[in-house]
Amino acid sequence: RAMATSLLRVSPPEALLRPLAVPERLLLGPGPSNVPRRIRAAGARQLLGHMHPEVLQVMDEIKAGIQYAFQTQNRLSLAVSGSGHCAMEAALFNLLEQGDTVLVAINGIWGQRAADIARRLGANVCELLKPPGKYFTLGDIEQGLLQHRPLVLFITHGESSTGVLQPLEGLGELCHRHGCLLLVDAVASLGGAPIFMDQQEIDVLYSGSQKVLNAPPGSAPISFSERARAPGSDTGPTAPSCARGCLTWGLSSLWRRRWVQGKPTTTTTTTTSTEWGQREDTALCSWRCAWAAFDAREKSPSSVMLSPGTVLGSPGAVGLKKARLPTITTVRVPEGYDWKDITAFLMDNHGMEISGGLGPTVGKVLRIGLMGCNSTRGNVERLLGALRDALQRCPRSRL
Ligand code: PMP
């Protein structure tokens, strides 16, 4: 033992001798959001083997929860072990092959990211551009479809970098008329803004666990329509499909065996603790999504935050009222202030996170997330009070 110790050239890290310290914080950034006790407690349960019947049963329950949250009957509805990016990659890798044309609607960072992934897999990427803060009309999309004749259209429902909610009405039907599949990113919107996968004819829809669903990051719900799975179906002879064989192992057909056919399959060792949490999360979100679908936007806490007379008031709000994302609100950085001073002040003095801009909005906006259990009037009041304090106490340039 002494000899083995004498061979060690790296000492044990002192920091690891101290117990883990996690401060209490109110997470009102663009995600992750706070995790309710029931979901946290689920993640702390004992592990079971990933092929044990109890785990398979939980996976079935998660699948039913995803079908409910997405409002879909799709058999290929599952949770990818990974973050929203993994689901985005899974969607693109399963729909596209080298040389296939994909039209990517870009009005913020998430379209850029999808275009990047699609380029890496060798697809022919055509970009449909709108300035950040704007959304796409059916006319914009139809023009792109006619010009590029893509196999897949990628679009972001909730653009978390700009705070824009993309209207989806009529989009699926339009894509299908042009022999194209519709792929929608709902990482920042699912559960906070209405989405109806089957009725809206969305072919592939994915989200993430750490935003409105209030679960830890690491489990991303995704669903594929029958049309997206079947080559040569009514999308035309060149229809892409999961059935063509996916380029990556981790996202391959073995998943489908497990999630569609319910067969225990060695895909990966699934993230069982995360799944416990996800099961509880889908249980909780069952009522929350229904609420989101029918809630009048005017009454939501995010609209209260922007009412005239609050410290944010309407003049500071960015974006069109009609297409404002209810889960993540962007407001202009108040004049004369540095956004970093404000976010740091809130963190240090109020134990509260809000965030600066991302991609095209860096330095221009503050992003405030009100997601799932965090979306309450009480939290809005706490935030507005903290912001008033920040505006009084942070340095302000008079220029
Ligand atoms: N799409 C959107 C709209 C997002 O807001 C995010 C995360 N901010 C992602 C994709 C990527 O998700 P993740 O960070 O979980 O990988």
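Leaving aside neighbours within four places in sequence, which residues is L183 in contact with (heavy atoms within 4.5 Å)? They are A91, L92, L95, V152, L153, F154, I155, V204 and Y206.

A quick word on the ground rules: this is a predicted model, so local features need pLDDT of at least 70 and side-chain atom pairs count only at pLDDT 80 or more, while totals for chains, interfaces and linings use all residues. Residues are numbered from 1 along each chain as its sequence is written, and side-chain values use heavy atoms, with hydrogens and water left out.

L183 also turns up in the largest nonpolar core, listed with L96, I141, I155, Y206 and I222 as having the most contacts inside it. A core here is a set of buried Ala, Val, Leu, Ile, Met, Phe, Trp, Tyr and Cys residues joined through side-chain atoms within 4.5 Å; buried is under 20% relative accessible area with a 1.4 Å probe, protein chains only.

| Core | Residues | Including |
|---|---|---|
| Largest | 72 residues | L96, I141, I155, L183, Y206, I222 |
| Second, separate | 23 residues | L346, I354, L366, L370 |

Now the sheet. Seven strands (DSSP E runs of at least two residues) form an open, mixed sheet in the order β2-β10-β9-β8-β5-β3-β4. β2 (76-81) and β4 (124-129) are the edges, each with a single partner strand, so one side of each has no neighbour in the sheet. Strands pair if DSSP finds at least two bridges between them; β2 and β10 (residues 219-224) run antiparallel, joined by six bridges.

Technical notes. Buried means under 20% relative accessible area, exposed over 50%, partly exposed in between (1.4 Å probe, protein chains only). Contact means heavy atoms within 4.5 Å. Helices (H or I, at least four residues) and strands (E, at least two) are DSSP runs, numbered from the N terminus.
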